[in-house]
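Biologist: I'd like to learn how to read a model like this one. Could you walk me through it?

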Amino acid sequence: MQVVNVTVVLLGYPAGQQLQVPDRSFYQQLFFNQYDGLAAYWLKQTDNQVLFDGQVIEWAWINDPSPNLAQRRDVINAAISDMESDRGISFASTDVVIVVLGAPANVPSDGGSTIANSLFRTHHGIVARVGDRFDFFAHELGHSLGLQHSFGNYSFKQAGAKNGEYGHPYCIMSAMAYGGMPSASFPAQPREKRPEYAASGASRARTQWA
């Protein structure tokens, strides 16, 4: 079994406002619970060949009245640097770094996958926000395994793929299309209006995810 080491950094930018955010234990369960978390999802998808495991670092709060979160790579690298210098955290054994941003709704941010760098190595990086959905995280973790967007590129389609399998139009790696034609702004309606996919989607209208 391949174990992928993940470090989740919780980073709050209240921008002078009151914020309510989930506590550390919520994200520990979301990412690493092997029964119903993201770890369980990818265990099932990989036939128990890949396990996401790791740690969630307690919330850090940044006193910036007008934070600029528009560049995901800058945001995640700054977060890693702060954790290394301020908290003495080493990312040497970390394969994937996830930054979850807590920010008011009027503070925009750029979310998705990127390259991240620590003192010792390069990592797959993911920038997200409080409230981002399970399937968004599942999609981005798929990128950390080297999976590309499956829908919209015919070379990734597989005839006879079962529901949810890589290459099926409804698989988690189908990105913004998720069963329909790609759209720059809105997730497409599921193809054939299949009800089991009606609430699914690895993208959101709020911003451009990749």
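This is a predicted model: local features need pLDDT of at least 70, side-chain atom pairs count only at pLDDT 80 or more; totals for chains, interfaces and linings use all residues.

Biologist: Which elements does the chain contain, and in what order do they run from the N terminus?

Modeller: The chain has four helices and five strands. Their order, starting at the N terminus, is β-α-α-β-α-β-β-β-α.

Biologist: How much of the chain counts as buried?

Modeller: Of its 210 residues, 47% are in that class. The accessible surface is about 10,500 Å², and carbon and sulfur atoms make up 50% of that surface. Sequence separation is worth a look too: among contacts with a separation of 6 or more, 69% join residues 24 or more positions apart.

Biologist: Now a helix, please. Which residues of α1 are buried?

Modeller: Start with the general idea. An α-helix has 3.6 residues a turn, so residues three or four places apart point the same way. In the case here, helix α1 spans residues 24–32, and its buried residues are Y27, L30, F31 and F32. These residues lie on the same side of α1 because they cover an arc of only 155 degrees around the axis.

Biologist: On to charged pairs. How many salt bridges are there?

Modeller: Here the rule is a side-chain nitrogen of Lys or Arg within 4 Å of a carboxyl oxygen of Asp or Glu. The count by this rule is three. One of them pairs D110 with R72, with 2.9 Å between the closest N and O atoms. D110 sits in the loop between β3 and β4, while R72 belongs to helix α3, so this pair links distant parts of the chain, 38 residues apart.

Biologist: Are D110 and R72 buried or exposed?

Modeller: The cut-off for buried is under 20% relative accessible area. D110 counts as buried at 18%, and R72 counts as buried at 13%.

Biologist: What about D95 and its partner R121?

Modeller: Their closest N and O atoms are 3.3 Å apart. D95 is in the loop between α3 and β3 and R121 in the loop between β4 and β5, so the pair ties together parts 26 residues apart in sequence. D95 is partly exposed, at 27% relative accessibility, and R121 is partly exposed, at 27%.

Biologist: Which side chains meet in a salt bridge at 3.5 Å, N to O?

Modeller: Those of R133 and D135. R133 is partly exposed at 32% relative accessibility, whereas D135 is buried at 11%.

Terms used:
Residues are numbered from 1 along each chain as its sequence is written. Side-chain values use heavy atoms; hydrogens and water are left out. Helices (H or I, at least four residues) and strands (E, at least two) are DSSP runs, numbered from the N terminus. Buried means under 20% relative accessible area, exposed over 50%, partly exposed in between (1.4 Å probe, protein chains only). Contact means heavy atoms within 4.5 Å. Accessible areas come from the Shrake-Rupley method with a 1.4 Å probe; for residues, only the protein chains shown count as cover. The arc is that of the directions from the helix axis to the C-beta atoms.
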